[in-house]
There are 2 protein chains.
Amino acid sequence: MKRLLLVLVISCAPTAGPSGPHRAPEWISETKPYGTASAGSGPSGAAAAATASVPSPAAASAIAERYRGAVDKIVTAAHADREAYRKLSYLTDRIGNRLSGSAALGHAIAWAAQAMKEDGHDVHTETVMVPHWVRGVEAAEITAPISRSLHVLGLGGTIATPKAGITAPVVVVHDWAELDARRDAVKGAIVLYDVAMPKWSEDKGSGYGQTVEYRGRGASRAARHGAVAVLVRSVTAHSLRTPHTGAMNYEDGVEKIPALAVTVEDSTLIARLAAQGPVTVHLRADDQMLPDAESANVIGELRGRERPDEIVVISGHIDSWDVGQGAHDDGAGAVTMMQALTTIRKLGLQPRRTIRVVLFTNEENGLRGGRAYAKDHAAELPSTVLAVESDSGGFAPRGFSVQTKPEVRDRVKARVADIAALLRLISATRVTAGHGGADIEPMGPAGVPMVGLDTDGRTYFDIHHTEADTLDKVDPQALADDVAAVAALAYVVADMPERVDAP
Amino acid sequence: MKRLLLVLVISCAPTAGPSGPHRAPEWISETKPYGTASAGSGPSGAAAAATASVPSPAAASAIAERYRGAVDKIVTAAHADREAYRKLSYLTDRIGNRLSGSAALGHAIAWAAQAMKEDGHDVHTETVMVPHWVRGVEAAEITAPISRSLHVLGLGGTIATPKAGITAPVVVVHDWAELDARRDAVKGAIVLYDVAMPKWSEDKGSGYGQTVEYRGRGASRAARHGAVAVLVRSVTAHSLRTPHTGAMNYEDGVEKIPALAVTVEDSTLIARLAAQGPVTVHLRADDQMLPDAESANVIGELRGRERPDEIVVISGHIDSWDVGQGAHDDGAGAVTMMQALTTIRKLGLQPRRTIRVVLFTNEENGLRGGRAYAKDHAAELPSTVLAVESDSGGFAPRGFSVQTKPEVRDRVKARVADIAALLRLISATRVTAGHGGADIEPMGPAGVPMVGLDTDGRTYFDIHHTEADTLDKVDPQALADDVAAVAALAYVVADMPERVDAP
């Protein structure tokens with residue numbers, strides 16, 4: 001249960017573990033503790049702690065000598081190509097958002113499989129049963145001391161309110177300690193977690209990890225004290241009264257209560273009013289959880305010329321939340337991988353090992369795709385030399401974050417850094433110790449080295465899980481450069497004589 | 001009619017006149033043409049063109065010598081005071097938004113009058129009849145080639161659609177020329193003005209002026225070609241799928257058609273789809289215009305000790321749009337003026353002339369308050385030595401923009417610059433030639449010199465006329481410094497021996 005909880009809480013926030021109790025899987029051991037902001041990379045962790053590891057000159061020159069030509073070809077081709085953006089346009093503008101269980105997700109899966117086939121790859125899908133949560137009508141308003149409507153979005157997985165809704169006094173808290181301290185007042189009340197997300201900074205990243213735990217665990221923690229519902233301040237440092245949704249998790253054995261996100265504007269309004277006197281809120285939601293639905297991971301391959309059974313997985317997730325278009329989260333990651341493989345194939349490059357695109361289903365509210373893949377492909381994991389994921393938005397690439405077992409960390413980082421050193425044209429040279437990706441994490445315990453594409457995520461959490469995660473926020477050049485970075489990394493790791501984690 | 005049009009279009013955009021035909025009232029003549037981006041100041045015009053006028057050394061030292069002590073006292077007191085923010089909290093959190101004709105506007109007027117009385121001022125209200133437009137249920141969706149809901153807000157004053165709504169093909173245009181060029185396609189269609197607002201820049205300001213004309217005049221221009229409705233891309237350079245509303249204007253003799261704003265996200269989506277093939281949109285709105293309602297300007301005074309009949313007006317507007325809280329537009333301006341007068345009174349300062357706070361009603365959708373004041377107080381205008389307005393948001397003050405008849409411009413600017421030079425502590429030393437304010441503009445033809453409070457408006461048009469114009473966006477220190485700037489200017493102009501426009 002604890003592992004599932006971790007997975008749900010960090011879903012779509014690759015580098016931002018809960019800031020409370022240390023929750024690192026025991027097979028991870030980095031210099032900086034995993035899950036803290038300073039250890040991360042990408043939008044939440046930034047360049048922070050982990051500086052690029054310095055490759056040994058011999059290794060650097062070996063990779064550089066051997067692959068500079070191929071990487072230059074890949075980068076030049078990908079940098080000039082707009083096909084990833086065209087694919088993303090179809091996925092977002094024509095198909096739209098695609099929550100697990102929705103018809104749109106099925107449409108997206110069929111489209112992705114077809115598109116990869118048309119690009120010449122070996123393609124198949126692998127069935128996965130996924131949760132089927134459906135958003136209903138949701139509404140909330142302050143009824144005392146003023147009358148004011150609130151902008152809300154139910155958190156994914158929330159139960160419905162009774163038909164007439166819930167009307168109750170609000171208890172505003174700013175952290176777990178305050179929740180516990182006010183446990184007597186919480187009984188019968190709606191708890192509002194008015195927890196402010198810090199602004200993005202170069203050294204600390206986004207601060208998502210410090211705040212998202214209230215979204216993930218707030219309902220059950222409040223229910224233990226007898227709360228009747230929770231409102232959670234949207235996890236963003238920059239709001240235009242746009243609520244954010246995302247996964248939440250009910251603890252076993254604790255009563256389930258409705259959980260809705262409110263905007264920063266509305267959360268702070270309630271908090272200001274509550275500082276002056278009692279506040280009452282009415283809320284209703286007829287969200288519902290249906291029986292699991294059939295879905296699938298989509299797999300497309302370029303078979304290796306010498307060691308086809310050794311595999312480099314490059315991945316994103318094809319599902320999204322049910323608002324906006326899921327453009328950055330994670331349409332961008334999905335098309336990046338599709339186009340990376342196509343770029344390599346179009347250049348007539350066939351590496352020694354197999355490169356496999358995996359578009360996972362159900363990252364957002366279950367991680368069923370990632371867990372099914374690790375389970376169903378358990379026999380292949382020892383020969384899976386690397387798993388790469390892009391799930392930090394399709395912003396300009398900055399480099400890679402590397403997550404491995406401690407005993408291979410330095411050499412994997414060194415080799416990834418050698419490859420990244422060839423990516424100066426697209427400024428993707430930064431290599432840090434950090435998170436790989438939520439979908440590939442289930443492969444970690446089997447020893448598969450993992451790499452996350454590290455992007456310029458300064459604005460990611462402005463739009464994350466909102467109506468504003470739309471194609472207009474994606475820069476076609478940045479997306480093309482993501483393709484370049486992933487294609488170069490995947491090609492070199494798939495082709496070089498030694499495994500990336502070899503001694 | 002032309003003048004009214006100007007007033008509606010620029011309402012709440014003090015420095016941003018239409019970028020098309022030159023529309024400056026003939027009594028304005030600045031070095032740079034009025035109404036162009038480079039001539040403005042504040043959020044839309046920025047420091048741009050007009051550099052601080054250099055006062056003659058003699059004049060500078062006269063004002064500095066005489067008033068440095070008083071200004072230091074005023075600035076020190078206002079800078080440390082949080083009462084403006086407390087007033088704004090009540091106005092926004094307790095009363096909320098306040099469109100002309102709404103009960104909330106009546107409540108706000110009563111509250112403001114009472115608050116000024118409690119602060120010791122002479123207070124009265126002056127009845128003004130205002131338009132009473134009421135927003136109904138508004139909705140829109142793309143029905144072909146995909147099915148997708150749109151986020152819309154009816155523009156203020158729009159007529160309703162037929163009850164069943166309007167379903168029609170969309171013609172996307174990016175400027176007036178394209179509208180005219182496609183006139184045959186426009187007949188029977190919904191016109192979408194997908195006009196992008198440029199990003200704010202230090203030298204050009206906001207670019208609001210270049211784009212807002214499509215909101216103001218788009219309906220009638222399209223109706224002349226037979227369009228059945230218009231959609232207008234929200235006038236902002238930064239969207240989180242938050243639609244912006246604002247005034248629009250129907251031309252006499254042209255058929256009225258419904259006019260709704262769509263978000264940047266939705267506008268660009270329609271434009272992308274339309275570039276590939278036909279797009280159909282369904283929209284409905286049951287907005288309505290009721291008979292004019294009674295409202296009032298609120299007036300509070302500190303009577304002058306020597307020349308009480310000579311008046312310095314300091315003003316903002318008490319009404320707002322009907323979304324969000326009207327915090328920056330223009331709750332901030334209103335409380336700035338209330339607190340500026342209170343600061344002067346509390347310090348025991350009684351200037352030579354009268355300082356009069358005027359909180360205008362109906363700036364947003366009619367300017368009835370401003371026009372009624374100029375008409376009803378016509379006899380006083382020759383002895384109104386200055387009119388000051390704050391309607392560019394309650395951001396940190398940068399200085400003042402001065403708008404006068406050409407023959408007094410240099411001397412008014414020089415004196416305002418002398419006063420601003422005393423405001424280094426709050427960095428409000430910049431004096432430019434620009435707009436005074438929409439509400440005070442009707443006093444201009446009578447020769448009243450006008451000054452706008454110039455603020456750091458980089459983010460103003462992110463929230464302008466939206467659900468996101470809320471108290472959390474207001475920095476209490478910035479607001480206090482606005483009070484300081486206005487109180488200092490008003491006190492010195494009211495007290496100095498000569499009129500601010502004297503030879």
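So, V232(B) has A261(B), in β8(B), as its bridge partner. Strand β7 of chain B covers residues 229–233, strand β8 of chain B covers 259–262, and they pair in the parallel sense over 4 bridges. Strands here are DSSP runs (E, at least two residues), helices are runs of H or I, at least four residues, and both are numbered from the N terminus. Two strands count as paired if DSSP finds at least two bridges between them.

Quick note on the source: this is a predicted model, where local features need pLDDT of at least 70 and side-chain atom pairs count only at pLDDT 80 or more, while totals for chains, interfaces and linings use all residues. Residues are numbered from 1 along each chain as its sequence is written, chains are lettered from A and ligands numbered from 1 in the order written, and side-chain values use heavy atoms, without hydrogens and water.

Okay, zooming out. In chain B there's an open sheet of 8 strands with mixed pairing, in the order β3-β2-β9-β5-β6-β7-β8-β4. Its edge strands are β3 (148–150) and β4 (152–154) of chain B, each pairing on one side only.
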